[in-house]
Amino acid sequence: MRLGRTAAIVPAFNEAEAVGRVIAEIRAVDETIDVVVVDDASSDETAAVAESLGATVLRLPFNVGIGGAVQTGFRYALLEGYDTAVRLDGDGQHDASELAKLLAPLARGEADFVVGSRFVDPGGAYRPPLARRIGIRLFARLVSLLGGERVTDTTSGFLALDRVGIELFASEYPHDYPEVEATLVALRSGLRLSQVQVEMRERETGASSITFLRALYYIVKVTLALLVASLRRYPRIQGASR
């Protein structure tokens with residue numbers, strides 16, 4: 001199976017210092033991948049930097065948050081007829097050199113949705129702070145229970161999708177702290193999940209919006225969202241074989 005046309009969706013908010021390196025790294029891996037930067041109403045030169053490097057830039061008129069920005073990218077990929085999409089954050093934490101790992105299960109026809117996980121290998125180097133570690137473990141167990149399949153890293157935003165996955169996330173993608181709920185949506189919609197071990201880099205520019213108190217708020221809010229989502233009926237996406 002061939003991957004066909006591939007889009008790299010890069011959501012970015014005030015990442016002028018990092019987004020150029022992200023684009024360059026994607027192109028170093030595969031020049032045929034079309035880079036699509038979704039500028040979430042940045043106040044810096046994020047969009048200008050991306051455009052100067054030849055990326056397609058989708059400029060949002062106001063800040064919609066990470067979920068809305070990512071879904072905008074998936075909707076673009078669907079409308080433009082892409083067969084495959086990968087998602088990398090604009091801050092450079094996702095190492096584009098590991099894209100081949102994510103794309104391999106799609107190329108073999110084994111999955112519709114591939115997550116770059118920090119925890120497939122118990123010996124991985126990632127060691128999160130305590131509050132984040134609690135949240136990651138709680139969400140992984142809860143999504144595994146509600147989705148009927150073991151998952152290891154529901155907070156990873158490093159992923160790859162085939163056309164079936166693009167179709168799903170273009171129409172169904174959570175907007176507030178989206179990654180955890182999106183994994184449950186994918187499983188409940190019948191997408192075939194694959195998880196591959198990746199290492200992620202520390203943020204080099206800017207600052208994370210997740211403080212200790214926000215992490216606790218995140219745990220409570222996302223847990224409630226997962227319980228509500230588990231009560232919904234999701235349409236089985238045509239082409240998914242689960």
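**Salt bridges and burial**

Modeller: Across the whole structure, a search finds 9 salt bridges. This is a predicted model, in which local features need pLDDT of at least 70, side-chain atom pairs count only at pLDDT 80 or more, and totals for chains, interfaces and linings use all residues. Residues are numbered from 1 along each chain as its sequence is written, and side-chain values use heavy atoms, with hydrogens and water left out.

Colleague: Why is the contact between the side chains of Glu179 and Arg87 called a salt bridge?

Modeller: A salt bridge requires a side-chain nitrogen of Lys or Arg within 4 Å of a carboxyl oxygen of Asp or Glu. The side chains of Glu179 and Arg87 meet at 3.1 Å, N to O, so the pair qualifies. Glu179 lies in helix α7 and Arg87 in strand β4 (residues 84–87), so the pair ties together parts that are 92 residues apart in sequence. Helices (H or I, at least four residues) and strands (E, at least two) are DSSP runs, numbered from the N terminus.

Colleague: What makes Arg87 count as buried?

Modeller: Buried means under 20% relative accessible area, exposed over 50%, and partly exposed in between (1.4 Å probe, protein chains only). Arg87 has 1%, so Arg87 is buried. Glu179, at 13%, is therefore buried as well.

Colleague: Why is Lys101 called partly exposed, whereas Glu98 is called buried?

Modeller: The relative accessibility of Lys101 is 39%, so Lys101 counts as partly exposed. Glu98 has a relative accessible area of 10% and is therefore buried. The side chains of these residues, Lys101 and Glu98, form a salt bridge at 2.8 Å, N to O.
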